[in-house]
Amino acid sequence: MDLKKVLEIQMQIVPEIVETINVRYDILKTIEINQPIGRRVLAFKLSKSEKIIRTEVEKLRDMGFIDIISSGMIITDFGKDLLANLDILMSDINNLSNLEKKLSDALGINEVIIVPGDTSKDEYGYLK
């Protein structure tokens with residue numbers, strides 16, 4: 001069974017899995033871009049409560065994806081590997097691959113890469 005099928009089955013039985021993945025992906029990506037970053041700044045950048053951030057950050061730390069140091073949170077090597085794989089998964093979940101193909105065809109160019117975010121709100125174009 002391919003991974004896409006596994007994810008579809010998981011989404012049927014645990015529909016909130018996509019939201020959880022999205023939240024944790026956003027946290028990891030924001031930490032990666034802004035590291036080291038404190039919890040309060042992270043909460044502000046993601047427009048989430050500090051309580052939600054604290055809960056998710058503790059889980060990510062316990063799983064070994066981030067470290068918390070005196071100057072803030074940083075991504076571990078394990079977290080970087082996960083994030084690289086999540087970039088691909090999130091593209092599929094958000095149906096970006098199909099949109100990239102359609103845009104590529106419409107523009108008559110070889111490749112289009114769509115990244116999440118809004119550069120008018122954040123210099124990196126990632127934050128929502």
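Tutor: A residue counts as exposed when its relative accessible area is over 50%. Keep in mind that this model is predicted.

Student: Why is Ser-47 called exposed?

Tutor: Its relative accessible area is 64%. The cut-off is over 50%, so Ser-47 is exposed. Ser-47 sits in the loop between helix 3 and helix 4.

Student: What makes the phi of Ser-47 worth a remark?

Tutor: Ser-47 is not a glycine, yet its phi is positive, about 55°. Most residues other than glycine have a negative phi.

Student: Why is Leu-103 called partly exposed?

Tutor: Leu-103 has a relative accessible area of 35%. Buried means under 20% and exposed means over 50%. The value 35% falls in between, so Leu-103 is partly exposed. Leu-103 belongs to helix 6, residues 96-107.

Student: What makes Leu-103 part of a patch?

Tutor: A patch residue needs over 30% relative accessible area. Leu-103 has 35%, so that cut-off is met. With Leu-107 and Ile-109, Leu-103 forms a nonpolar surface patch of about 260 Å² accessible area together.

Student: How do you know that the buried residues of helix 3 lie on the same side?

Tutor: Leu-42, Ala-43 and Leu-46 are the buried ones. They cover an arc of only 100° around the axis, so they share one side of helix 3. They pack against helix 2, helix 4 and strand 2. Exposed Arg-40 and Phe-44 are on the face turned away from that buried side.

Student: Which peptide bond is cis?

Tutor: The one from Gln-35 to Pro-36, with omega near -10°. Pro-36 is in the loop between helix 2 and helix 3. Most peptide bonds are trans.

Terms used: Residues numbered from 1 in each chain as written. Predicted model: local features only at pLDDT ≥ 70, side-chain atom pairs only at ≥ 80, totals over all residues. Heavy atoms only, no water. Buried < 20%, exposed > 50% of the residue type's maximum accessible area, 1.4 Å probe, protein only. Helix = DSSP H or I, 4+ residues; strand = E, 2+ residues; numbered from the N terminus. Arc of directions from axis to C-beta. Contact = heavy atoms within 4.5 Å. Patch = residues over 30% accessible without salt bridge, like charges linked within 9 Å, V, L, I, M, F, W, Y side chains within 5 Å. Areas by Shrake-Rupley, 256 points an atom, 1.4 Å probe, with all protein chains shown as cover. Salt bridge = Lys/Arg side-chain N within 4 Å of Asp/Glu carboxyl O.
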